[in-house]
Amino acid sequence: MTTSHETFTDKAAQAVVRATPEPLAARVRGLSDRAIAWLFIAPTITLLLAINIFPLFWAIYLSFTNYRANRPNAVVQNVGLGNYSRVLNDPDIWASMQTTAHFVFWTIVLQTVIGFALAYLIDRKFRGHAFWTTLILIPMMLSPAVVGNFWRFLYEPQIGLFAYAVSFLSGIPTSEIRMLGDVRLAPWAIIIVDTWMWTPYVMLICLAGLRSIPDYIYEAAEVDRASNWRQFWSITIPMALPFIMLAVLFRGIENFKMFDMVNLLTGGGPGSTTEVASIALKREAFEAWATGRSSAFAIVLFVAVFGLANIYVKILNRVKQR
Amino acid sequence: MTDRALERPRTRRPFFLRRGPMEMLAVAMIGIGFLMLFQPFAMVLYTYSFVTLLAGTAMFTVVSKFPE
């Protein structure tokens with residue numbers, strides 16, 4: 001039985017060898033493990049270079065020129081640091097940075113506070129906590145396009161549930177609750193949606209931090225008659241702090257680049273009250289067609305995010321060392 | 001052999017070649033640059049925010065390669 005099986009295997013191997021063109025077989029046999037490894041990762045590296053690295057260097061090059069994408073045949077001239085000077089002296093772009101800061105600050109504060117509170121509650125392991133965890137996690141699984149569209153309906157002054165609920169609780173007529181059309185309310189409308197969508201994400205990270213605290217520390221604190229309040233401030237917060245900081249940095253980097261939700265909800269309006277940096281960048285690039293200047297703007301944003309990512313890596317290393 | 005004899009001779013690197021303090025300095029520069037970029041008070045701070053951020057980021061990239 002074994003002999004017939006070996007014979008069959010040998011025959012199959014010989015058939016494969018015969019079917020393989022000789023030069024290719026010789027080449028594969030001659031390759032080292034390292035060369036084969038390179039052969040496998042080459043497509044990924046090529047894609048990475050083509051999609052990420054090349055556009056970055058191309059944008060750096062364009063940021064020093066007066067190139068306009070709607071005039072591809074025009075002569076491209078080097079303008080030195082002119083584009084950077086214009087971007088960094090433009091009051092409108094400065095205003096968009098402030099709008100971004102307002103958005104990032106409040107979303108992070110709200111998401112961290114609510115996310116940690118939810119994680120603290122879920123960590124109590126009450127009856128049905130698994131069901132509630134799943135329910136809370138649903139918003140972050142939705143596509144931003146879907147979320148943007150259905151919140152537009154929710155915010156509708158006449159038919160929207162949000163306006164109806166606020167009117168029911170406050171007595172203000174629904175026609176006056178124009179979340180997306182009022183210059184004072186529109187930034188908060190976006191903050192509410194982003195908080196609703198991404199608080200579960202912060203909750204997950206905080207929950208991981210809370211679950212990593214060993215029980216014996218709380219037991220030792222109870223032996224020492226430490227109150228629940230004291231345990232919370234002296235054990236829970238310090239030990240979960242690296243995770244909270246991680247969540248803050250993750251959300252900070254993401255919200256700094258926020259585009260889709262703002263574009264769907266308000267498009268930067270009314271006026272320019274919700275024109276965050278990414279929306280301003282899109283307008284420079286595809287409405288004003290100032291490709292060189294918008295590239296300089298993009299590089300400024302890239303350096304800011306890259307700097308933030310460096311701090312993030314440093315904190316992550318500290319978390320690993322603990 | 002005494003304990004003193006077993007001690008390795010300590011080589012003091014100059015401040016600008018030590019990873020810890022230089023990394024902290026770079027992080028501080030990035031943080032200040034970030035605040036300058038987003039603050040609503042003075043246009044001149046916004047104008048110089050990019051240079052500060054770039055210097056901090058470049059410095060961090062270099063000094064994070066220094067040995068511990």
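View 1. With 16 C-beta neighbours inside 10 Å, A:Met140 counts as partly exposed; a residue is called buried if 20 or more other C-beta atoms lie within 10 Å of its own, exposed if 12 or fewer, and partly exposed in between, with C-beta atoms placed from the backbone. The model shown is a predicted one, in which local features need pLDDT of at least 70 and side-chain atom pairs count only at pLDDT 80 or more, while totals for chains, interfaces and linings use all residues. Residues are numbered from 1 along each chain as its sequence is written, and chains are lettered from A and ligands numbered from 1 in the order in which they are written. A:Met140 lies in helix α6 of chain A, where helices (H or I, at least four residues) and strands (E, at least two) are DSSP runs numbered from the N terminus. Leaving aside neighbours within four places in sequence, A:Met140 is in contact with A:Met197, A:Trp198, A:Pro200 and A:Tyr201, contact being defined by C-beta atoms, placed from the backbone, that lie within 7 Å. From A:Met140 to A:Pro200 the separation is 60 residues in sequence, yet their C-alpha atoms are 6.5 Å apart in space.

**View 2. The crossing of helices α6 and α9 of chain A.** The axes of α6 (residues 129-141) and α9 (residues 186-211) of chain A come within 7 Å and cross at roughly 120°; axes are lines fitted to C-alpha atoms, for helices over the stretch in contact, and angles run from 0 to 180 degrees between N-to-C directions. That angle makes α6(A) oblique to α9(A), since angles under 35 degrees count as roughly parallel, over 145 as roughly antiparallel, 65 to 115 as roughly perpendicular and the rest as oblique. The crossing of α6(A) with α9(A) is left-handed, a term used if the near helix is turned anticlockwise from the far one by less than a right angle, with right-handed used if clockwise. On the α6(A) side the contact is made by A:Ile136, A:Leu137, A:Pro139 and A:Met140, and on the α9(A) side by A:Trp196, A:Met197, A:Trp198, A:Pro200, A:Tyr201 and A:Met203. These residues divide into 10 nonpolar, no polar and no charged, where Ala, Val, Leu, Ile, Met, Phe, Trp, Tyr, Cys and Pro count as nonpolar, Asp, Glu, Lys and Arg as charged, and the others, Gly among them, as polar.

**View 3. A:Leu281 and its partners.** A:Leu281 is placed in helix α13 of chain A and counts as buried, with 23 C-beta neighbours inside 10 Å. Not counting residues up to four places away in sequence, A:Leu281 touches A:Ser294, A:Phe297, A:Ala298 and A:Leu301.

**View 4. Two loop residues with positive phi.** A:Arg225, in the loop between α10 (215-223) and α11 (228-256) of chain A, has a phi near 60°, a positive value in a residue other than glycine. With 7 C-beta neighbours inside 10 Å, A:Arg225 counts as exposed. A:Trp289, in the loop between α13 (277-286) and α14 of chain A, likewise is not a glycine and has a positive phi of about 55°. A:Trp289 is partly exposed, with 14 other C-beta atoms within 10 Å.

**View 5. The contact between chains A and B.** Chain A gives 16 residues to the contact and chain B gives 17 residues. On the side of chain A that touches chain B, α5 (91-122) and α14 (291-321) each supply at least two residues, and the largest share, 9 residues, comes from α14(A). By class, that side of chain A has 11 nonpolar, 4 polar and 1 charged residues.

**View 6. The two chains as the setting for the close-ups.** Chain A has 14 helices and 0 strands, whereas chain B comes to 3 helices and 0 strands. Buried residues make up 28% of the 322 residues in chain A, and 24% of the 68 residues of chain B count as buried.

Technical notes:
Two residues are in contact if their C-beta atoms, placed from the backbone, lie within 7 Å.
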